[in-house]
Amino acid sequence: MLTYPNIDPVAVNLGVVQIHWYGLMYLLAFAFAFGLASYRAKQRSEQGWNAEMVSDLVFFGAMGVILGGRVGYVLFYEFSQFLADPIWLFKIWTGGMSFHGGFLGVIVAMIFWCRKYQKSWFETLDFIAPCVPTGLMFGRIGNFIGAELYGRAVTDPNFQYGMIFPTDPLGLVRHPSQLYQAFCEGLLLFIVLWWFSSKPRPRMAVSAVFLIGYGLARFAIEFFREPDADQGFILLGWVTKGQMLSFPMIIIGIGMLFYAYHKKIYDWQITPPVLVNSAKR
């Protein structure tokens with residue numbers, strides 16, 4: 001069994017001001033998204049992408065993630081808590097963000113961004129999609145540090161990588177499912193998307209791969225993650241809320257991928273170098 005590294009949730013304590021690890025992970029997520037998006041913009045400068053657009057894109061996306069993620073968590077998982085204490089909605093530092101809510105929030109934010117810069121919606125989503133998984137990775141690391149959203153109890157006596165989380169009232173040896181998610185939804189999905197988007201793909205294809213990849217990773221890891229106490233298994237005795245919300249992403253992503261390669265609309269191409277005839281110099 002592994003020992004849980006009981007980390008103080010406060011990363012920096014300046015007395016009046018306290019910086020929590022959870023908030024620090026969000027800062028890292030947005031910083032990485034900005035850096036990756038800036039790199040992609042330089043590759044697509046001929047299509048009109050520039051630094052100002054990237055700055056606004058990350059800002060709009062951050063607002064979508066924070067507002068959508070929190071509202072989604074309240075609506076999908078803790079609506080009764082919100083009814084009992086409406087102010088709790090704004091206590092983001094206590095934890096409680098929904099990926100699916102944040103995803104919907106980013107979709108809404110991108111609509112406003114596209115109107116401002118007159119960009120195609122799916123061209124924008126294809127551009128930003130590879131920059132998202134690193135943010136998911138940092139978010140799951142934040143969950144791990146906060147000892148929240150831990151895994152199910154380990155049933156295999158030979159499994160050596162379980163741990164006891166200090167927030168678990170039962171004190172059971174559990175899967176560190178936050179780290180599973182950080183790897184699959186974060187690092188692995190980033191590698192796949194970054195490779196896939198490194199060459200011209202038809203419009204909508206990169207977004208489709210993101211939906212499929214995240215949906216499959218989340219659906220699979222849910223088998224190791226403890227269902228929310230107030231939710232449990234909501235279908236067939238084994239399907240969780242996370243799986244219910246992820247399954248449509250997989251289906252929609254597959255449909256989008258077929259549609260993208262059927263239409264074959266490309267927003268950027270790799271321009272071959274211009275060869276100069278030395279005889280005409």
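Helix 5 (residues 121–128) supplies the largest share of the lining of the largest cavity, 3 residues. The model here is predicted, so local features need pLDDT of at least 70, side-chain atom pairs count only at pLDDT 80 or more, and totals for chains, interfaces and linings use all residues. Residues are numbered from 1 along each chain as its sequence is written, and side-chain values use heavy atoms, with hydrogens and water left out.

**The cavities**

- Searching the whole structure turns up 2 cavities of 30 Å³ or more. A cavity is a set of points, on a 1 Å grid over the protein atoms alone, where a 1.4 Å probe fits but cannot get out, and lining residues have an atom within 4 Å of a point.
- The largest cavity holds about 150 Å³ of space; a volume is the space filled by probe spheres set on the points, with grid points joined across faces, edges and corners.
- Of the 14 residues lining the largest cavity, Arg44, Glu123, Asp126, Asp267 and Trp268 lie nearest its centre.

**Aromatic pairs**

- There are 18 aromatic pairs in the whole structure. Rings of Phe, Tyr and Trp (its six-membered ring) pair if their centres lie within 6.5 Å; planes under 30 degrees apart count as stacked, over 60 as edge-to-face and the rest as tilted.
- Take tryptophan 113 and tyrosine 117: their ring centres are 4.9 Å apart and their planes sit at 35 degrees, so this pair is tilted.
- Tryptophan 113 and tyrosine 117 are 4 residues apart in helix 4 (residues 99–117), so about one helical turn separates them. Helices (H or I, at least four residues) and strands (E, at least two) are DSSP runs, numbered from the N terminus.
- Both tryptophan 113 and tyrosine 117 are buried (under 20% relative accessible area, with exposed meaning over 50% and partly exposed in between, using a 1.4 Å probe and protein chains only).
- Phenylalanine 144 and phenylalanine 165 make an edge-to-face pair, because their planes are at 85 degrees, with ring centres 6.2 Å apart.
- This pair links distant parts of the chain, 21 residues apart: phenylalanine 144 is in helix 6 (residues 133–145), while phenylalanine 165 is in the loop between strand 3 (163–164) and strand 4 (173–174).
- Phe144 and Phe165 also belong to one aromatic cluster with Tyr4 and Tyr150.

Notes
On a 1 Å grid over the protein atoms alone, a cavity is a set of points where a 1.4 Å probe fits but cannot get out, and a pocket is an open set with protein on both sides within 12 Å along at least five of seven lines; lining residues have an atom within 4 Å of a point.
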